Amino acid sequence: MKKSIFLLVLIGIFFNACSTKNDETLYNLSATQWYKQIIKDLHDRDLEKADDHYNGMASEHVSDPLLETTLIILAQAHRDEEEYQLAEFYLDEYNKKFGNSRNADYIRYLKIKAKFDAFAVPNRNQALMLQSQKEIDNFLQDYPYTEYKPLVQTMLTKFNLAIFYLDGTIQNLYQRINHYESAKIYEQRLQENEFYKQDIIKPELPWYRSIFEKF
């Protein structure tokens with residue numbers, strides 16, 4: 001009986017040691033060590049671990065200067081993976097911790113850029129386009145002399161063109177299903193648009209996508 005109990009205790013210690021050894025939870029690292037670990041995670045294309053390790057870094061080093069660089073890197077990494085909400089999260093965190101009058105326009109620009117990158121299909125995301133138009137208008141009003149003005153204006157033009165294309169698509173749909181009153185409303189929107197009667201090349205969708213994207 002005693003031998004059995006002793007054996008069970010040994011087995012318990014063994015498995016506990018193994019689980020401790022395999023536990024990858026990190027803690028009590030310097031800011032530089034956290035930063036290097038996050039960069040390694042990104043090289044390994046493991047954004048989930050990078051996010052977890054950022055949380056550890058941020059909790060142990062609340063205002064370390066390395067957090068500033070880390071937040072921008074993580075925002076860009078999530079944007080590259082088309083995870084735009086997480087990209088915006090890190091930009092908001094950056095703004096809370098390190099935002100000031102010198103970089104406020106840069107952070108606002110990055111958030112607009114994240115939304116612009118999220119827009120991929122010309123007849124989707126109407127709410128996203130309208131929200132982005134409003135944010136760009138506010139940005140240009142708040143920062144009329146920003147160095148990012150030409151870039152943001154280009155984005156605004158593309159959003160405006162996409163809205164024009166979408167209105168035309170909706171107008172054609174109403175026309176086809178004999179909803180003439182609604183079609184007239186969208187026809188008026190088109191006529192009031194800056195792109196009306198201009199020679200514009202419509203965006204083309206791949207054949208495998210056009211089946212599902214067209215109204």
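**Close-up views of a predicted all-helix chain**

**View 1. The whole chain and its surface.** The accessible surface of the chain comes to about 14,600 Å² (Shrake-Rupley method, 1.4 Å probe; for residues, only the protein chains shown count as cover). Carbon and sulfur atoms hold 53% of that surface. This is a predicted model, in which local features need pLDDT of at least 70, side-chain atom pairs count only at pLDDT 80 or more, and totals for chains, interfaces and linings use all residues. Residues are numbered from 1 along each chain as its sequence is written, and side-chain values use heavy atoms, with hydrogens and water left out.

**View 2. The helices.** The chain has 10 helices and zero strands. Both are DSSP runs, numbered from the N terminus: helices are H or I, at least four residues, and strands are E, at least two.

**View 3. The largest nonpolar core.** This core holds 40 residues. Such a core is a set of buried Ala, Val, Leu, Ile, Met, Phe, Trp, Tyr and Cys residues joined through side-chain atoms within 4.5 Å. Tyr 54 and Ile 136 touch the most other members. Helix 8 (149-176) is among the helices that each supply at least two residues. The largest share, eight residues, comes from helix 8.

**View 4. Around Ile 136.** Ile 136 touches Ile 112, Val 152, Met 155, Leu 156 and Phe 159 (heavy atoms within 4.5 Å), not counting residues up to four places away in sequence.

**View 5. Thr 169.** Thr 169 lies in helix 8. Its relative accessibility is 15%, so Thr 169 counts as buried. Tyr 186 is 17 residues away in sequence and 9.4 Å away in space, C-alpha to C-alpha.

How values were computed:
Buried < 20%, exposed > 50% of the residue type's maximum accessible area, 1.4 Å probe, protein only.
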